[in-house]
Amino acid sequence: MYDRPFNDNSYEQFLKEEKLMGSRCRKCGALALPPRPICVSCFSSEMEWFQFKGSGRLAAFTSIVVAPPFMAKEGFNKNNPYVVGVVELEEGAKIVGRITGVDPKKPDGIRVGTPLKAEFIRSGQGPDEKTYLAFRP
Amino acid sequence: MAKKRKLSRGVAVVGGGLSKLGLFKDRNSKDFFAEAYLEMLGSVDKGVDPKDIDAIYIGNFTNDFFVNQAHWGPIISDLVGHVPKPVTRTEGACASSALAFREGVFAVASGFYDMVLVGGLEQMSKRTTEEVAEGLGTAGSPYEVAAGFTFPGVFGTIATAYFSKYKTNRETLFNVTIKSHLNAPLNPKAQFPLTIRDFMNTRIEKCRKRGEPVPEWKDEKDFLRDLSANPPVAWPMHLFDCCPISDGASCMLLVAEDLAKRFTDEPVYVAGIGQGSGYSLHATQNITSFEATRAAAQEAYEMSGLKPEDIQFSEVHDCFSIAEIIHTEDLGFFKPGEGHKAAAEGLTRLEGLKPINTSGGLKSKGHPVGATGVAQLYEVWLQLRGKAGKRQVPKKNLRVGGAHNLGGTGGTCTFTILERR
């Protein structure tokens with residue numbers, strides 16, 4: 001389907017193309033997201049690309065008040081916290097990402113189990129342009 | 001292949017030292033290590049000739065970043081007069097010195113050396129809080145860091161999964177914080193030798209002096225509920241759920257078991273030693289458990305022939321309040337989902353059934369990351385020799401204790417069982 005190495009660079013390139021791509025082991029069928037060059041279930045290195053639909057449920061989350069420097073540059077701080085979390089996708093794999101469309105200032109109201117859908121957020125320009133994976137209810 | 005692992009010869013601890021923990025901007029890592037080393041030499045009951053030390057293993061996470069100086073092995077060897085003996089630095093993030101201890105144990109067990117010095121050091125006070133957070137973050141999973149997680153954020157995330165799975169909430173974590181701060185005032189090396197009540201009184205005093213309204217908290221939990229007293233860091237982790245930034249160093253002297261009585265009539269023996277590695281948050285099967293801890297514990301229990309109920313007390317890696325609860329479950333002290341109940345019932349208090357973090361733990365004793373693993377073992381060693389002073393575990397026939405150290409967000413974990421025979 002795609003002739004790209006099963007690594008983090010390819011994963012990020014796919015995010016830029018607004019695709020959530022992982023790997024599937026040709027031997028045992030195990031899914032990995034982000035993709036892996038070696039299957040951790042059967043140790044095979046025969047992989048194929050697998051596109052995830054991007055639907056899932058919130059498995060765990062946090063609302064970050066004290067932001068790391070690169071998030072502070074995006075304008076996040078103690079008055080403007082942000083939510084990140086672990087999402088369990090309907091295909092079974094889990095992935096981490098930002099959680100949008102919830103109130104970071106009222107984390108007590110955010111529920112584990114909330115159905116979510118993937119979205120792709122662009123930030124920065126030129127060589128600094130990045131696409132982040134996010135999920136929204 | 002899974003097999004029951006054994007040391008080919010036994011290893012004993014015959015000395016230990018720990019520097020006072022805290023923020024010491026006008027001192028450096030060498031000062032901390034010299035303090036710990038001199039205490040260690042003085043602690044060997046029948047004395048030791050430092051010339052007999054065959055090799056050194058020293059844990060350090062990232063003084064490379066914190067003080068812009070790497071390659072701490074020869075600096076320490078030179079400091080304590082052991083050049084040109086071999087010195088090896090180990091790195092396993094916040095578990096760095098537990099790895100040094102483990103390598104030292106293997107070196108003696110193999111018969112290659114008879115006596116080794118193991119220890120750790122870290123100096124975190126020269127950087128701002130934001131910089132320290134960034135430095136520690138380099139030990140996180142690359143995917144989590146890129147998504148914007150911080151260390152408190154990862155443990156906060158684990159906490160929300162725990163709350164949801166076991167139908168509880170952040171108030172249950174208050175018990176861990178309150179207990180930690182009950183033990184620390186009994187530890188003269190602790191960075192925060194203060195109870196939560198002490199923090200409350202200090203704040204009330206401050207408000208009185210400034211003529212501001214005096215806060216009225218019903219009790220310690222009410223104080224921890226107050227966002228102005230206990231501000232959020234990464235939900236549901238608030239300030240008092242998080243360990244501090246610290247400076248310090250630790251060390252221990254290991255010898256072959258058959259030589260131990262030359263140095264002391266009360267050696268403490270390595271009964272079991274285990275280490276494991278772990279997945280990132282997204283790849284782990286179970287968010288409310290650390291596979292690295294479970295693997296380390298299994299290895300240590302199998303080696304020692306001991307069971308979780310045989311461990312009379314333990315230090316565990318309470319970098320965040322939720323972590324202590326999960327470790328007490330992963331180590332088998334309590335069933336999954338029951339660690340928080342045990343903390344609420346007081347079972348983990350000094351006088352409880354299973355005292356946890358008698359030193360005060362990372363939360364209030366302090367957490368100079370590279371020194372922590374051996375600092376935990378130092379506490380167990382003190383307790384087993386009945387030399388823990390006011391925080392001595394009040395049990396008759398104290399014989400077996402554990403130390404659990406965690407690196408990064410669970411990528412490296414160790415569990416070590418020490419025993420007195």
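**Reading the predicted model**

Modeller: This is a predicted model, and in chain B the mean pLDDT is 97, with 99% of the residues reaching 70 or more. For the model as a whole, the scores are ipTM 0.97 and pTM 0.97.

Colleague: Where in chain B is B:Pro185 found, and what is it in contact with?

Modeller: B:Pro185 sits in the loop that runs between α8 (174–183) and α9 (196–210) of chain B. If neighbours within four places in sequence are left aside, B:Pro185 is in contact with B:Pro193, B:Leu194 and B:Thr195. B:Arg391 is 206 residues apart from B:Pro185 in sequence, while their C-alpha atoms are 8.9 Å apart in space.

Colleague: Which residues touch the most other members of the largest nonpolar core?

Modeller: Those are B:Val116 and B:Met252, in a core of 152 residues, to which helix α15 (residues 369–384) of chain B gives the largest share, ten residues.

Colleague: How do you know that this core lies between domain 1 and domain 2 of chain A?

Modeller: Domain 1 (8–51) and domain 2 (55–136) of chain A both contribute residues to the core, and therefore the core lies between them.

Colleague: What does B:Val116 touch?

Modeller: Not counting residues up to four places away in sequence, B:Val116 touches several residues, including B:Ile53, B:Tyr57, B:Ala107 and B:Leu254.

Conventions
Residues are numbered from 1 along each chain as its sequence is written. Chains are lettered from A and ligands numbered from 1 in the order in which they are written. This is a predicted model: local features need pLDDT of at least 70, side-chain atom pairs count only at pLDDT 80 or more; totals for chains, interfaces and linings use all residues. A nonpolar core is a set of buried Ala, Val, Leu, Ile, Met, Phe, Trp, Tyr and Cys residues joined through C-beta atoms within 7 Å. A residue is buried if 20 or more other C-beta atoms lie within 10 Å of its own, exposed if 12 or fewer, and partly exposed in between; C-beta atoms are placed from the backbone. Helices (H or I, at least four residues) and strands (E, at least two) are DSSP runs, numbered from the N terminus. Domain bounds come from an automatic or database domain assignment. Two residues are in contact if their C-beta atoms, placed from the backbone, lie within 7 Å. pLDDT is the predictor's confidence in each residue, from 0 to 100.
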